[in-house]
Amino acid sequence: MTVVKRHLTFIAFFCILCSSCATMMDGSKTKVYVNEGNPKSISVYLNNQFVGYTPCAVYVPKKLASEGASSIELRKEGYRTENIALTRKVQTGYIIADVLLLVFPLFIDLATGNYYKVQPEFISPKLREKN
């Protein structure tokens, strides 16, 4: 009987160590790729803060990407500004894994918002010239 208790203790300890799957495996930010578009070297902004020029990767905090709360703006002189609203999608695989690991990790991922994935993941800009 003591061998069974040791194994159960080990399994419980392992589950606690592996808690909050989304937080440990995927982190708190999603990388959004902004490809080289037309025209080249478009200025990229996340929530009105300059991030870089295309092509680039924008690291978006998952918690900020609620409906309409975050956006990527693409600007180039002589072209119309393009505003891309960021949304979030639930990653059900992490929720299932959290439930299988004694439910406690689910609360961590829910509180941190790390079970979301920011959408879109890839942006291919095509700005139109101003008239």
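**Predicted fold, core and local geometry**

R75 is partly exposed, with a relative accessible area of 29%; here buried means under 20%, exposed over 50% and partly exposed in between (1.4 Å probe, protein chains only). The side chain of R75 forms a salt bridge with that of E73, at 2.4 Å from N to O; the term denotes a side-chain nitrogen of Lys or Arg within 4 Å of a carboxyl oxygen of Asp or Glu. In contrast to R75, which is partly exposed, E73 counts as buried, at 16% relative accessibility. The structure holds 2 salt bridges. In the other bridge, the side chains of K117 and E121 meet at 3.9 Å, N to O. E121 is partly exposed, and its relative accessible area is 27%. Side chains of opposite charge can pair when their charged atoms come close.

The model is predicted: local features need pLDDT of at least 70 and side-chain atom pairs count only at pLDDT 80 or more, whereas totals for chains, interfaces and linings use all residues. Residues are numbered from 1 along each chain as its sequence is written, and side-chain values use heavy atoms, with hydrogens and water left out. The mean pLDDT (the predictor's confidence in each residue, from 0 to 100) of the protein chain is 80. A value of 70 or more is reached by 82% of the residues. Confidence is highest in strand β2 (residues 43-46), with a mean of 96, and lowest in helix α2 (residues 21-26), with a mean of 61. Where pLDDT is low, the predicted coordinates should not be read in detail.

The protein chain contains 4 helices and 8 strands, taken as DSSP runs numbered from the N terminus (helices: H or I, at least four residues; strands: E, at least two). Read from the N terminus, the order of elements is α-α-β-β-β-β-β-β-α-α-β-β. Of the contacts (heavy atoms within 4.5 Å) with a separation of 6 or more in the protein chain, 68% are between residues 24 or more positions apart. N131 belongs to the segment after β8 and counts as exposed, with 90% relative accessibility.

Among the 131 residues of the protein chain, 33% are buried. The largest nonpolar core comprises 15 residues; such a core is a set of buried Ala, Val, Leu, Ile, Met, Phe, Trp, Tyr and Cys residues joined through side-chain atoms within 4.5 Å. Within this core, V34, V44, V58, V60, I72, L74 and I123 have the most contacts. At least two core residues each are supplied by β1 (29-34), β2, β4 (56-61), β5 (70-75) and β6 (82-90). The largest share, 3 residues, comes from β4. In soluble globular proteins, nonpolar side chains tend to be buried together.

The accessible surface of the protein chain amounts to about 8,400 Å², and 60% of this area belongs to carbon and sulfur atoms; areas were computed by the Shrake-Rupley method with a 1.4 Å probe, and for residues only the protein chains shown count as cover. V4, L8, F10 and I11 make a nonpolar surface patch of about 410 Å². Patches consist of residues with over 30% relative accessible area and no salt bridge, like charges being joined within 9 Å and nonpolar side chains (Val, Leu, Ile, Met, Phe, Trp, Tyr) within 5 Å. L8, one of the patch residues, is located in helix α1 (residues 2-17) and counts as exposed, with a relative accessibility of 54%.

Backbone geometry was examined in several loops. The peptide bond joining N38 and P39 is cis, with omega at about 5 degrees, and P39 lies in the loop between β1 and β2. The loop between β1 and β2 also contains S41, which is not a glycine but has a positive phi of about 55 degrees. S41 is partly exposed, at a relative accessible area of 37%. A positive phi of about 50 degrees is likewise found at N47, which is not a glycine. N47 is placed in the loop between β2 and β3 (49-53) and is partly exposed, its relative accessible area being 33%. Another cis peptide bond runs from Q119 to P120, with omega near -5 degrees. P120 is in the loop between β7 (116-119) and β8 (122-123).
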